[in-house]
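Dear colleague,

My findings follow directly after it.

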Amino acid sequence: MGKVLFLLCLVVVAVAAGQFERSALAFRMRRHASMRCCNDGFETSETHAKFEEIRQACLQDLGLEGVPDEEIHKNREHLNCITECIVKKEAIAEENGALVHTDLAKVVQEHMSTIEWKVPLVDGFVKQCFDMVDEAHKDFQPSEEAKCNPEGFEFVFCLWRQFALSCPEEFRDNSERCTELREKLTNNENIGAWRSDVDEA
């Protein structure tokens, strides 16, 4: 259960922040399902509660427990470090924060097996996202400017984006806001200004 929970932890972090420099997206832990752009029952309140425990432990480990969420989400390095902390706590990352592909792929497959429409897509999406982060971060070395590996954060954002764009019609919120968000994701546009809209997606 722990490693399955880990995936949802990271999805929430990634959705909260997006894949762009110094994004300032805030997230609410208990958003209502109707606020999401793909209402397939992916999230549960129990998962969110457990995620909050792991997240709080990581915030404490990183000395960020007193920092408002809004400030944390303005700092991409904080988001990378929180994600790296989570994957290390769940033993799905190397010491340098690089993801352990085989273990993570199994976790993703196990979790997505509970959501029927995602099952035939998961292997291809996992491979695409691993390829993307490997190419971008294979030579990552910690530095003063980037102490934490961005690989975990970017992998989970990639996975979220793929599933957000593949959401079946019967689960889609076709509001103007969600339609525009999907268009921006399709075109790989910067969605940093959307903040709460991405939170609700």
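Helix α4 is mostly covered, with eleven of its 14 residues buried. Buried here means under 20% relative accessible area, exposed means over 50%, and partly exposed lies in between (1.4 Å probe, protein chains only). The buried residues of α4 are R76, E77, L79, N80, C81, I82, T83, E84, C85, I86 and V87. Please note that this is a predicted model, in which local features need pLDDT of at least 70 and side-chain atom pairs count only at pLDDT 80 or more, while totals for chains, interfaces and linings use all residues. Residues are numbered from 1 along each chain as its sequence is written, and side-chain values use heavy atoms, with hydrogens and water left out.

Helices are DSSP runs of H or I with at least four residues, strands are runs of E with at least two, and both are numbered from the N terminus. The 14 residues of α4 reach 20 Å from the first C-alpha to the last, close to the 20 Å expected at 1.5 Å a residue; the expected span is 1.5 Å times one less than the number of residues.

Just after α4, A91 takes a positive phi of about 60 degrees.

Within α4 (residues 76-89) sits N80. N80 counts as buried because its relative accessibility is 5%. Leaving aside residues up to four places away in sequence, N80 touches C148, N149, P150 and F153, where a contact means heavy atoms within 4.5 Å.

D103 belongs to helix α5 (residues 101-112). D103 has a relative accessible area of 29%, and is therefore partly exposed. With residues up to four places away in sequence not counted, D103 touches A91 and I92. D103 and A93 are ten residues apart in sequence, and their C-alpha atoms are 9.0 Å apart in space.

As for the protein chain as a whole, its secondary structure comes to nine helices and zero strands. Of its 201 residues, 52% are buried. Among contacts with a separation of 6 or more, 67% join residues 24 or more positions apart. The accessible surface of the chain comes to about 9,700 Å², and 48% of that surface belongs to carbon and sulfur atoms; these areas come from the Shrake-Rupley method with a 1.4 Å probe, and for residues only the protein chains shown count as cover.

With kind regards
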